[in-house]
Amino acid sequence: MKKAIILTLLCLFLAIVILPALVVLRGQRQEVKVDTSGSPLINVLNVKTKEIEVLPLEEYIVGVVAAEMPVDFETEALKAQAVAARTYTIKRYEAAKKNPNKDHPDAHICTNHAHCQAYVSKDEMSKNWGMLKYPGYYNKIARAVNATAGVVLVYQGKLIDPVYHSTSVGKTENSGDVWQFDIPYLKSVDSPGDEESPKFKTQHTLTLAQIDKALGTTLSAVPASTINNPKGSPIQVVERTATGRIKTIKVGDKEFKGEEIRAKLGLNSTHFSWKAQEDKLIFLVTGYGHGVGMSQYGANYFAKEGKDYKDILSHYYTGTELRKYSANKK
Ligand SMILES: [Zn+2]
């Protein structure tokens with residue numbers, strides 16, 4: 001009698017708790033199908049394998065979002081990133097169809113983030129996130145891509161250059177203050193929430209000898225007290241941008257543009273101060289990246305505040321509009 005009761009309870013437990021849980025789990029593990037209807041095929045040069053992969057646009061975008069933004073970001077931020085990545089890809093794709101890219105004539109785009117944009121395959125996603133987290137994370141990105149399938153950003157009817165960076169300094173930067181040209185949709189805007197980024201404030205220490213080697217200067221010969229003296233220091237800011245980033249700086253008798261010195265010294269951004277300590281310079285850096293266009297941490301903050309991807313994109317890319325891309329129409 002007792003056995004029968006236990007058996008009945010066990011069956012009930014299985015039916016009520018375990019089976020539905022298994023069904024739910026299975027549902028979560030089932031891979032969301034990426035909507036590739038209307039996707040042009042993109043020839044992607046994988047710089048690691050040196051092979052060209054032919055991928056439907058939307059499938060490729062999943063791999064770009066996975067590589068370019070932390071997957072634990074809000075869905076609306078991931079959607080904004082998907083639209084930016086798609087816009088960039090289509091721009092490259094259309095350009096390469098007219099004039100093949102001189103660095104990779106057989107591919108529309110490559111996976112080198114410094115040349116085109118980063119991309120990870122499903123295998124790499126699984127490796128990066130771990131097998132247990134992979135299905136949920138993959139599906140999260142695939143849903144964000146599907147929700148914006150085909151959507152691109154245009155300014156006065158033309159595809160934009162949707163540049164973005166990790167973390168701003170509370171404000172993004174005017175394109176003309178970082179690069180040569182003022183682009184009307186890449187204007188300085190407020191970027192609240194940047195301080196939530198782990199890269200908002202960083203410290204970077206270099207020896208004076210390392211700096212001299214990188215810049216071709218002779219700071220090693222100067223005592224730290226002289227470097228720290230604002231008036232007599234061989235390091236002088238010539239011009240700052242309105243957001244406090246360094247536009248031009250003089251080290252010894254050499255002048256450098258902000259982005260130039262950032263690259264040479266490997267600093268996270270051009271918003272920095274410094275202090276000499278014995279034979280070293282300690283840089284205190286704010287933000288991460290060039291500061292132009294969308295701040296990813298800012299986008300995530302806006303998403304947490306309840307903004308959708310359209311709000312986020314129109315905030316960071318002034319005067320732009322969203323449009324559905326069609327491979328046959330320009
Ligand atoms: Zn490339």
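Biologist: How do α3 and α10 lie relative to each other?

Modeller: This is a predicted model, in which local features need pLDDT of at least 70 and side-chain atom pairs count only at pLDDT 80 or more, while totals for chains, interfaces and linings use all residues. Residues are numbered from 1 along each chain as its sequence is written. The axes (lines fitted to C-alpha atoms over the stretch in contact, with angles from 0 to 180 degrees between N-to-C directions) of helix α3, residues 75–98, and helix α10, residues 296–304, come within 7 Å and cross at roughly 135 degrees. Angles under 35 degrees count as roughly parallel, over 145 as roughly antiparallel, 65 to 115 as roughly perpendicular and the rest as oblique, and α3 and α10 are therefore oblique.

Biologist: Which residues of α3 and α10 make the contact?

Modeller: α3 passes α10 in a right-handed crossing (the near helix is turned clockwise from the far one by less than a right angle). Contact requires C-beta atoms, placed from the backbone, within 7 Å, and here α3 gives E76, A77 and A80, while α10 gives A299, N300 and A303.

Biologist: At roughly what angle do the axes of α4 and α5 cross?

Modeller: Helix α4 covers residues 122–129 and helix α5 residues 134–147. α4 passes α5 in a right-handed crossing, and the two helices are oblique to each other. Their axes come within 9 Å and cross at roughly 125 degrees.

Biologist: Which residues of α4 and α5 make the contact?

Modeller: On the α4 side the contact uses M125, S126 and W129.

Terms used: Helices (H or I, at least four residues) and strands (E, at least two) are DSSP runs, numbered from the N terminus. Two residues are in contact if their C-beta atoms, placed from the backbone, lie within 7 Å.
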